[in-house]
There are 2 protein chains.
Amino acid sequence: MLTETIKENPFITDEELAEKFTVSIQTIRLDRLELSIPELRERIKNVAEKRFEDEVRSLPLEEVIGEIIDIELDQSAISILDIKSEHVFRRNKIARGHHLFAQANSLAVAVINDELALTAKANIQFTRSVKEGERVIAKARVEKIDDDNGRTHVEVKSYVNNELVFKGEFEMYRSKNEK
Amino acid sequence: MLTETIKENPFITDEELAEKFTVSIQTIRLDRLELSIPELRERIKNVAEKRFEDEVRSLPLEEVIGEIIDIELDQSAISILDIKSEHVFRRNKIARGHHLFAQANSLAVAVINDELALTAKANIQFTRSVKEGERVIAKARVEKIDDDNGRTHVEVKSYVNNELVFKGEFEMYRSKNEK
């Protein structure tokens, strides 16, 4: 059952598995070890490395801020960023705006199906503070590709536990149209 | 003459001094050493550390991206960011947008005369690409402090050699009004 569940949803956490099977997290960990199922972080990395290395065209995968967990070029993309101590203001442990911006902006670059993608403009909103320890899931959606000038409009919405924390409209340059 | 010139403009580079006095950069360096005038980077640091440590209220000075060279709380601020290899896309050596954003955004935070300053919204434009080795000078200007809701509007314009490379309008939260 554990193997099956993880196969269906590779991004499920040990905590969620423990809840699902009403056992302790420790039990889940031991069972995973026995079944040689890597931990969530490793699973995400494996998926990312295998699936996206050849797919992302506009920049090398390691230049994306956060980890891409899904991408369809010129359509949509999703990435995860875990907010750690290096991302927050020392005083209040609130995530600094430029890290949320960097995650969203690099996802907007990555989703472009072109060798060259640069940001022209952005209109952004921080809708609630993100704290150290929280996991930010950014979702990018390509809204419009302008055939004449090659500008691509990408909307990125970032969530913590399904709560909107950041919203951005990015207008991207690209070297040519691939539509 | 050297001492006088540097006193008048502590941010002048050795290259500019060499040009001014039509001597080699090496000569300038040796003369600086003899006169015990520290190099530009050190001079900037000294100015920054001495003048601004107690002045910036909203965050510790080392959390500012770039080096603050001038600040008047709730009025204006200037910072310098030298674009190095860690700031650029590996492929084309163009500075990544989030670093220019981080410089501007942290300057918009620093200029606020309050213990708490957070970014609510931003409207930004990248007007020309910045390359590795270039020096970005960001200038922030507080445009409006809304007495009712405490929102502060800050405009930041960033330049390389007097050419506009980035422009941002930031709407900042603050905990209270100090006006």
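Here is a walk through this predicted model, from its core to the meeting of its chains and then to its salt bridges.

Let us start inside. The largest nonpolar core has 82 residues, and the members that touch the most others are F170(A), V154(B) and F170(B). Take V154(B) and look around it. Leaving aside residues up to four places away in sequence, its contacts include A108(B), V111(B), I112(B) and F170(B). R141(B) and E169(B) are also among the residues that V154(B) touches.

Now move to the place where the two chains meet. Here 32 residues of chain A are in contact with 32 residues of chain B. The size of an interface is often given as the accessible area lost when the parts come together. For chain B and chain A that buried area is about 2700 Å², with 51% of it on carbon and sulfur atoms. The interface also holds two salt bridges. In a salt bridge between E62(A) and R90(B), the closest N and O atoms are 2.9 Å apart. On the side of chain B that touches chain A, helix 5 (97–110) and strand 3 (117–126) of chain B each supply at least two residues. Strand 3 of chain B gives the largest share, nine residues. Sorted by class, that side of chain B has 14 nonpolar, ten polar and eight charged residues.

Finally, let us follow the charged pairs. Side chains of opposite charge can pair when their charged atoms come close. Over all chains, the count is 24 salt bridges. In one of them, R29(A) pairs with D14(A), with 3.6 Å between the closest N and O atoms. R29(A) sits in helix 3 of chain A and D14(A) in helix 2 of chain A, so this pair ties together parts 15 residues apart in sequence. R29(A) counts as partly exposed because its relative accessibility is 37%, whereas D14(A), at 8%, counts as buried.

Another salt bridge joins R57(A) and E115(A), whose closest N and O atoms are 2.9 Å apart. Both residues lie in loops of chain A, so the pair ties together parts that are 58 residues apart in sequence. R57(A) is partly exposed at 23%, and E115(A) is partly exposed at 45%.

What does D74(A) meet in a salt bridge? Its partner is R174(A), at 3.1 Å from N to O. This pair links distant parts of the chain, 100 residues apart, with R174(A) in strand 6 of chain A. D74(A) is buried, at 13% relative accessibility, and R174(A) is buried at 8%. Shared partners also join D14(A), R29(A) and R32(A) into one network of salt bridges.

Notes
Residues are numbered from 1 along each chain as its sequence is written. Chains are lettered from A and ligands numbered from 1 in the order in which they are written. This is a predicted model: local features need pLDDT of at least 70, side-chain atom pairs count only at pLDDT 80 or more; totals for chains, interfaces and linings use all residues. Side-chain values use heavy atoms; hydrogens and water are left out. A nonpolar core is a set of buried Ala, Val, Leu, Ile, Met, Phe, Trp, Tyr and Cys residues joined through side-chain atoms within 4.5 Å. Buried means under 20% relative accessible area, exposed over 50%, partly exposed in between (1.4 Å probe, protein chains only). Contact means heavy atoms within 4.5 Å. Buried area is the accessible area (1.4 Å probe) that two parts lose on being put together, summed over both. A salt bridge is a side-chain nitrogen of Lys or Arg within 4 Å of a carboxyl oxygen of Asp or Glu. Helices (H or I, at least four residues) and strands (E, at least two) are DSSP runs, numbered from the N terminus. Ala, Val, Leu, Ile, Met, Phe, Trp, Tyr, Cys and Pro count as nonpolar, Asp, Glu, Lys and Arg as charged, and the others, Gly among them, as polar.
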